[in-house]
Amino acid sequence: MQNATHLTLSPIGVVRAESGAFRLEVAPPYRPALAGLEGFSHLQILWWFSGCEDARSRASRTEEAPYRCGPALLGTFATRSPQRPNPIALSCAGVLGIDRERGVLALDYLDAEDGSPVLDIKPYLPSLDRVATPGVPGWCAHWPASVEESGDFDWGAEFSF
């Protein structure tokens, strides 16, 4: 790496996950950026694993047996672990409703904790985001083939934590 660059991120909103309901609350200065989202069924949400900002979490480079059927050791980049050099998360969520004036996006599900900072929102575009026949290692080949199928999958049986 030639020159280390210091990056500055400003959250655009916050995740609300209460009583089984999920929504994004977008801060007033960013609400104009919601124009045109109507009609998209899914969004890509970039959010911050705010519980993993400590030096130990950010120093993590490997995970010991994070998945029951997986290898004994995986590199952090081969996992969805929140413990990583930059605790950035990416989730695909179905849109239930958009209130542009209030800056509220109702979602079907989001695997973020209440209060997690939202860094960015992007529309899910099959032509750019979908891979027709993705390759995955054998230890996770039995996982659901789509986000729609994931809701009925026993994820608790997959993780070692």
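Predicted model: local features only at pLDDT ≥ 70, side-chain atom pairs only at ≥ 80, totals over all residues.
Let me begin with a term: a residue is called buried when its relative accessible area is under 20%, exposed when that value is over 50%, and partly exposed in between, with a 1.4 Å probe and protein chains only taken into account. With that in hand, of the 161 residues of this protein, 29% count as buried.

Residues are numbered from 1 along each chain as its sequence is written, and side-chain values use heavy atoms, with hydrogens and water left out.

Now the overall layout. The protein has 3 helices and 8 strands, where helices (H or I, at least four residues) and strands (E, at least two) are DSSP runs numbered from the N terminus. If you read along the sequence, the order is β-β-β-α-β-β-β-β-β-α-α. The C-alpha atoms fill a box of roughly 50 × 40 × 35 Å along the principal axes, and the protein exposes about 10,400 Å², of which carbon and sulfur atoms supply 55%; such accessible areas come from the Shrake-Rupley method with a 1.4 Å probe, and for residues only the protein chains shown count as cover. A contact means heavy atoms within 4.5 Å, and among the contacts with a separation of 6 or more, 67% join residues 24 or more positions apart.

Which residues have the most contacts inside the largest nonpolar core? That core has 20 residues, and the ones with the most contacts inside it are Leu24, Ile45, Leu105, Leu107, Leu110 and Ile121. The elements giving two or more residues to this core are β2 (21-26), β3 (42-48), β6 (88-99), β7 (104-107) and β8 (117-123). By nonpolar core I mean a set of buried Ala, Val, Leu, Ile, Met, Phe, Trp, Tyr and Cys residues joined through side-chain atoms within 4.5 Å. As background, nonpolar side chains in soluble globular proteins tend to be buried together.

Take Leu107 as an example: leaving aside neighbours within four places in sequence, Leu107 is in contact with Phe22, Arg23, Leu24, Leu43, Ala93, Gly94, Val95 and Leu96.

With residues up to four places away left out, Gln44 touches Leu90, Ser91, Cys92, Asp120, Ile121, Lys122, Pro123, Tyr124 and Asp129. Leu46 is also placed in strand β3, and, under that sequence limit of four places, Leu46 is in contact with Ile88, Ala89, Leu90, Val118, Leu119, Asp120 and Lys122.

Glu18 is found in strand β1 and is partly exposed, because its relative accessibility is 36%. Beyond residues up to four places away, Glu18 touches Arg23 and Asp114, and its C-alpha atom is separated by 9.2 Å from that of Glu113, 95 residues apart along the chain.

Ser19 sits in the loop between β1 and β2, and since its relative accessibility is 84%, Ser19 counts as exposed. Most residues other than glycine have a negative phi. Ala65, in the loop between β4 (62-64) and β5 (73-75), likewise has a positive phi, of about 40 degrees, without being a glycine.

Finally, which residues line the second largest pocket? They are Thr5, His6, Leu7, Leu9, Trp48, Arg58, Asn86 and Ile88, and they divide into 4 nonpolar, 3 polar and 1 charged. Here Ala, Val, Leu, Ile, Met, Phe, Trp, Tyr, Cys and Pro count as nonpolar, Asp, Glu, Lys and Arg as charged, and the others, Gly among them, as polar. The volume of this pocket is about 190 Å³, meaning the space filled by probe spheres set on grid points that are joined across faces, edges and corners. On a 1 Å grid over the protein atoms alone, a pocket is an open set of points where a 1.4 Å probe fits, with protein on both sides within 12 Å along at least five of seven lines, and lining residues have an atom within 4 Å of a point.
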